[in-house]
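Here is a short report to read alongside the model. Take a look at the sequence and the fold, then follow along section by section.

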Amino acid sequence: ISAGPPQYAQGQQEGWLALQLSGSTAPATLTLRATAGTLPSGVYNAILPVRANAVANSPQNVAVTFRILAPPSIVLSRADVPLFATPGQTVQQTVDVTNGGDVALTGLTATTAYDHVGSSWLSAALTATAAPAQLVLTANAAGLPQGTHTATVTVASAVAGVAPKTVAVALTAGQAPAISLSRSAVPFSIVSGGSQQSQNVTVTNGGGGTLTDLALGATA
């Protein structure tokens, strides 16, 4: 009885499979040893023929599959989260937390560090302690002066070797939106039987944030 050499899949790296046959007469034990070495993560395949002289069904093949798993890593859907809030308003945004590897990403935690000591306007909570999860960022502008307030949220894992990732959060506390009209009175003057006239009134935001959902009311 003899075994090998391994026949590696076309285009794949070779040399990762070692073998040892306990003897040349059956029964014998074939020991296979796969070594990752510098191989990148992925699936590797090889065929190992087992032969015997003057035997009709020789060789018999052993199909070997070697999967190298990528280590877990934290992947965030975004690294910067801008927020805007008017005085007393609470706003919320989410960041997706996924696993960039093949091994389970567990033991997730989120901690907040403020750029100014004594701040407490941001709450960071994870929907789960294992990926996939969402990082829920809730900012409360109550009591904050107008301006931009910043904080950094660090997402980490209890799994050894997993690098933490950070999210930069910037909250702009400002005035509430307000409707501002370029003019409040529009006079029309036309000779009887004349053609129609049109005039424009510009609508802008006289406050902060974004002025949306504009609509016309009933004409009095």
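## Aromatic pairs

Searching the whole structure, a predicted model, turns up three aromatic pairs. Here rings of Phe, Tyr and Trp (its six-membered ring) pair if their centres lie within 6.5 Å, with planes under 30 degrees apart called stacked, over 60 edge-to-face and the rest tilted. One of the pairs joins Tyr8 and Trp16: it is edge-to-face, with 5.4 Å from centre to centre and 65° between the planes. Tyr8 is buried at 17% relative accessibility, and Trp16 is buried at 2%; buried means under 20% relative accessible area, exposed over 50% and partly exposed in between, with a 1.4 Å probe and protein chains only.

Trp16 also pairs with Phe66, this time in a tilted arrangement with centres 5.3 Å apart and 35° between the planes. Why does this pair tie together parts that are 50 residues apart in sequence? Trp16 sits in the loop between β2 (7-8) and β3 (17-21), whereas Phe66 belongs to strand β6 (residues 60-68). Phe66, like Trp16, is buried. Taken together, Tyr8, Trp16 and Phe66 make up one aromatic cluster.

A word on conventions: residues are numbered from 1 along each chain as its sequence is written. Local features need pLDDT of at least 70, side-chain atom pairs count only at pLDDT 80 or more, totals for chains, interfaces and linings use all residues, and side-chain values use heavy atoms, with hydrogens and water left out.

Now to His149, which is part of strand β13 (residues 147-156). Strands are DSSP runs of E with at least two residues, helices are runs of H or I with at least four, and both are numbered from the N terminus. Is His149 buried or exposed? With 12% relative accessibility, His149 counts as buried.

A polar atom of the His149 side chain lies 2.9 Å from the backbone oxygen of Pro145. Not counting residues up to four places away in sequence, His149 touches Trp121, Leu144, Val169, Ala170, Leu171 and Ala173, where contact means heavy atoms within 4.5 Å.

Strand β14 (residues 165-173) pairs with strand β8 (residues 80-85) in the parallel sense, over six bridges; two strands pair if DSSP finds at least two bridges between them. In this pairing, Pro82 stands opposite Ala170 in β14. Strands β13 and β14 run antiparallel and are joined by nine bridges. Val155 faces Lys165 of β14.

The loop between β13 and β14 holds Ala158, which is exposed at 68% relative accessible area. Leaving aside neighbours within four places in sequence, Ala158 is in contact with Thr106 and Gly107. Ala158 and Gln7 are 151 residues apart in sequence and 40 Å apart in space, from C-alpha to C-alpha.

## The whole chain

What does the secondary structure of the protein come to? There are zero helices and 16 strands. The C-alpha trace spans about 115 × 60 × 25 Å along its principal axes. The radius of gyration is 34 Å, while a compact globule of 220 residues would have one near 17 Å; this radius is taken over C-alpha atoms, and the globule rule is 2.2 Å times the number of residues to the power 0.38.

Of the 220 residues, 22% count as buried. Among contacts between residues at least 6 apart in sequence, 60% join residues at least 24 apart.

Note on methods:
Polar contact = N/O pair within 3.5 Å; in protein donor to acceptor, adjacent residues only side chain to side chain.
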